[in-house]
Amino acid sequence: MPHGVAHQLIASHLVEGEMTPGEEIALRIDQTLTQDATGTLVMQELEAMDLDRVKTEVSVQYVDHNLLQADEKNAEDHAYLRSACRRFGLWYSKAGNGVSHPTHMQRFGKPGKTMIGSDSHTPACGSLGMLAIGVGGLEVALAITGKPLSIRMPEIWGVELTGELPPWCSAKDVVLEMLRRHGTKGGTNRIIEYHGPGLEKLTAMDRHVIANMGAELGATTTVFPADDEVRRFLAGEGREEDFTELLAEEGTEYDVTESIDLSQIEPLIAQPSSPGNVVPVSEVVGTPVGQVVIGSSANPGLRDFAIAARIVDGRQTHHGVSFDINPTSRPILADLTRWGGTTSLISAGARIHQSGCMGCIGMGQAPAPGTNSLRTFPRNFPGRSGGGADDKVWLCSPETAAASALRGEITDPRVLADELDLKWDGLNLPEPTVIPGMLEEPPPAEEAQHEELVKGPNISGLPEFDPFPDSFEVPVLLAVGDDISTDDISPAGAEALPFRSNIPELARFAFVRIDPDYPKNAEEIKDSTGHAIVGGANYGQGSSREHAAICPRYLGLRVVIAESFARIHWQNLANFGILALEFADAGDREKIAQGATLSFSDVHQQLQNGTEVTAQVDGQELTFRHSLSDRQVNMVLEGGLIRQLAEQQG
C-alpha cells in the first residue's frame, strides 16, 4: 500500500508497537528542542536522572520566552541553562538569537528526522518534512537520555491543497480556514499531512506558519513533504547537504481527507478569545483597534514583516494604535534591515522589540483594558496576553494587521489596497543572512565533565511525590468548564514565569485566574487528604508546559475528572502521578459540584484490570473511564515517572 510522508516518518523510527490508530507506539527521537520557560525543569530532570551526555543527534536549548529581566530571576535561569547545556552536551541559543521554532528550522531542521520539544508549537518543523511533536518536558528529558517517545498512533489526516492564494491573503489565512472549519479539537489524535499542487506556491516559511498552528487544532503534529521548495530553503541557509527528498507515494490513502482550494481563501480573523472563533475579516471591519503586534512563531518569516512594511511604507499608522514589531531572529531582523523594511516600519510609527516570543507569552505588550489587540500570534486564550481575563485579543495575518494599524480599525487588506492603489507585485526579498557562531556549540565530553551547574537562589530542586494511594477520599476543590487552558492552570506572563525553576513559588499562581484562593485552600489540605478537580471538554488545551501538572500536584492534586483532555496535558498528568479520568456518561458531569467528596476504593486493581474506575460521590456511585496504557498505569501508581525511574535505578 502506498504511504504518505507521516507514515514513512513513523515507520522509519518505530521501535515498538503496531501502526494502528489508537495503539501505543514507541519512536526513536533524533532531535530535541527546549525553551527557557520549560527547559529549566528539563535540566533539573536530567540532573535527577544523573545524565552524563546527551544521546540524541542534536539537542538545543533556546532562550526566547523570559526576556524581560525586571530583576535577577530570569538572568539566574539563563546562567543555569547555559551551564547545564555545557555540562550535558546541548547547543545553547542565548537571549536575542530568536524564537526557537524558526531558528531551529533554519539551523538544524532536517527532512526525515524526528524531533520532540517541550513546547506545543514544535510541529512547526514539520514544514521541512520532519516528524516534530510537542510533548511535556519529562518526555524530552527521557529522549535526551536515549529513550524512545511513547505515544498513541494517530490517524493521518490528508489535506489536499489546490490553486493559488489570491493577493493580500497568506498562509495564516489557510490555517485560520482550517480552524474555522474544525475548531480547536478537530485535529485531536491526528497528524495533519498537507499535499497537492497548491504546495508549489507555498514557501518553507509559509508552511511553518501552517504547521505551527496545527497545535491550535489539537493535532499531534503537522507534516509537509520535503520537496524542491525545502531544498531551496536549506540551500539558502547554507545547508543543502542536509536535504533528503521525502514525498507521499502515488496513490496514498489517508484515514481522513480534506481539500482546500487556495484561490477561494479570503482574509480571516479569530475573534476573542479562542483560535477557533474564526470569521471573515469582512464581517468585523470597522471594529476599533488600539494595538497591533506582528511577530511570534506563528508568523516568523521575513516576508511576514516585509509585507507589513510594504503596506505601511510612506504612511503613518493611526495615532491611537500601538504598533509593535517582534522580530523573530537576529538574521531575519538583519535581512529586513538590508531590504529597507525596518526603516519603513519605524517611520510609520512602529516600536521594534527584541527578538523573542515577547507578548505571545505575556512578557510585555499587554493591551489596555477594553482595547482590541490584533496579533499575528497563535493563541488568544483569556489572560494569556498579560492584559487580564477580559482582554480582547484577535488573531490575523500580517496583511490584515498592517492594514488595521493604518486605519485604527479592523480593515480588509484587499479593500485598503484598492483605496491606496497598492500593487501586488512581489517583494524581491534578499537571500537569507547566515550568522556564523550565533549558537554556542557544546564543549567536548572530556571538558563537559568538569562543568559546574550555576544555580541561583531562585532555582529549587524537583519535589518528591508519594505513590498513588489505593483507597482515599478527596474533596473537589475546583469545578471548571470547557476548554480550560494550561494558561488558566499555570499562568505565563512577567509575574509568574520568573518562578518556573521554583515550583513551591510558582504553585502560588496555580488556577488564580479561576479561583484566587485555590493555592491557599489546596495548601491547607495537601498533606491530609489532597484534592480533586472536575472539568469539561478539552481540559488542558494550549501550551505543553508541565508546570500545569506539577504545580497542582505539589499542592496535593490526586485526580482530574473531565469530559475530555488535550493530549499533552493528559500525558503530563500521568508523568507526575495524577490520575486523569473521563466521564463514562457525559451527563454525570452535573452530578459533581465544587465541594463534593469523592471516595475511591481498590483503585490499583481497577486500573490494572480494565478501563473503568468507580467512585462514590456523596453517597452515589459513578463510573469513569481511563485511557492509560499498562505502562502509564504503573507510572501513575508508582507516583510518577521520576519516582518510577528512581525506584528502578535504586
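Modeller: Keep in mind that this is a predicted model. Strand β20 (residues 472-479) and strand β21 (residues 531-534) run parallel and share three bridges.

Colleague: What makes β20 and β21 a pair?

Modeller: Pairing requires at least two bridges by DSSP. β20 and β21 have three bridges, in the parallel sense. The pair therefore meets the rule. Within it, Leu 478 has Ile 533 of β21 as its bridge partner.

Colleague: Which strands make up the closed barrel?

Modeller: Seven strands form it, in the order β20-β21-β22-β23-β26-β25-β24. The pairing is mixed. From one strand to the next, the twist averages 40°.

Colleague: How do you know that β3 is largely enclosed?

Modeller: Strand β3 covers residues 31-35, and five of its five residues are buried, so the rest of the structure largely encloses it. Both faces show this: Gln 31, Leu 33 and Gln 35 point one way, Thr 32 and Thr 34 point the other way, and all are buried.

Colleague: Which sense of pairing, parallel or antiparallel, do β3 and β4 show?

Modeller: Parallel, over five bridges. Thr 32 has Ser 59 in β4 as its bridge partner.

Colleague: Why is Thr 56 called buried?

Modeller: The cut-off is under 20% relative accessible area. Thr 56 has 10%, so the label holds. Thr 56 sits in the loop between α2 (36-48) and β4 (58-62). Its contacts beyond four places in sequence are Ile 29, Asp 30, Thr 32, Ala 143 and Ile 144.

Colleague: What makes the Thr 56 to Ser 59 approach a polar contact?

Modeller: The limit for the N or O pair is 3.5 Å. The side chains of Thr 56 and Ser 59 are at 2.6 Å, and the contact is polar.

Colleague: Now the charged pairs. Why is Glu 47 with Lys 455 called a salt bridge?

Modeller: The rule asks for a Lys or Arg side-chain nitrogen within 4 Å of an Asp or Glu carboxyl oxygen. Here the N to O distance is 3.0 Å, so Glu 47 and Lys 455 qualify. The two are 408 residues apart, with Glu 47 in helix α2 and Lys 455 in the loop between α14 (445-448) and β20.

Colleague: Why are Glu 47 and Lys 455 labelled partly exposed?

Modeller: Partly exposed lies between the buried limit of 20% and the exposed limit of 50%. Glu 47 has 28%, so it falls in that range. Lys 455 has 42%, so it does too.

Colleague: Where do Asp 487 and Arg 545 lie?

Modeller: Asp 487 is in helix α15 (residues 486-489), and Arg 545 is in the loop between β21 and α18 (547-554). Their side chains form a salt bridge at 3.2 Å, N to O. The pair therefore ties together parts 58 residues apart in sequence. Both Asp 487 and Arg 545 are buried.

Colleague: Which residues are linked in a network of salt bridges?

Modeller: Arg 82, Arg 86, Glu 440, Glu 447 and Glu 451. The total count of salt bridges is 36.

Colleague: How many residues are in the largest nonpolar core?

Modeller: It has 125 residues. Those with the most contacts inside it are Tyr 518, Tyr 539, Val 559, Ile 592, Leu 598 and Phe 600. Helix α5 (residues 137-144) gives the largest share, six residues. A second, separate core of 37 residues includes Val 289, Ile 294, Leu 345 and Ile 410.

Colleague: What is in contact with Ile 592?

Modeller: Beyond four places in sequence, its contacts include Val 476, Val 534, Phe 583 and Leu 598.

Colleague: Which peptide bond is cis?

Modeller: The one from Pro 272 to Ser 273, with omega near 0°. Ser 273 lies in the loop between β13 (268-270) and β14 (278-280).

Key
Residues numbered from 1 in each chain as written. Predicted model: local features only at pLDDT ≥ 70, side-chain atom pairs only at ≥ 80, totals over all residues. Heavy atoms only, no water. Helix = DSSP H or I, 4+ residues; strand = E, 2+ residues; numbered from the N terminus. Axes fitted to C-alpha atoms, helices over the stretch in contact; angles between N-to-C directions. Core = buried A, V, L, I, M, F, W, Y, C linked by side-chain atoms within 4.5 Å. Buried < 20%, exposed > 50% of the residue type's maximum accessible area, 1.4 Å probe, protein only. Contact = heavy atoms within 4.5 Å. Polar contact = N/O pair within 3.5 Å; in protein donor to acceptor, adjacent residues only side chain to side chain.
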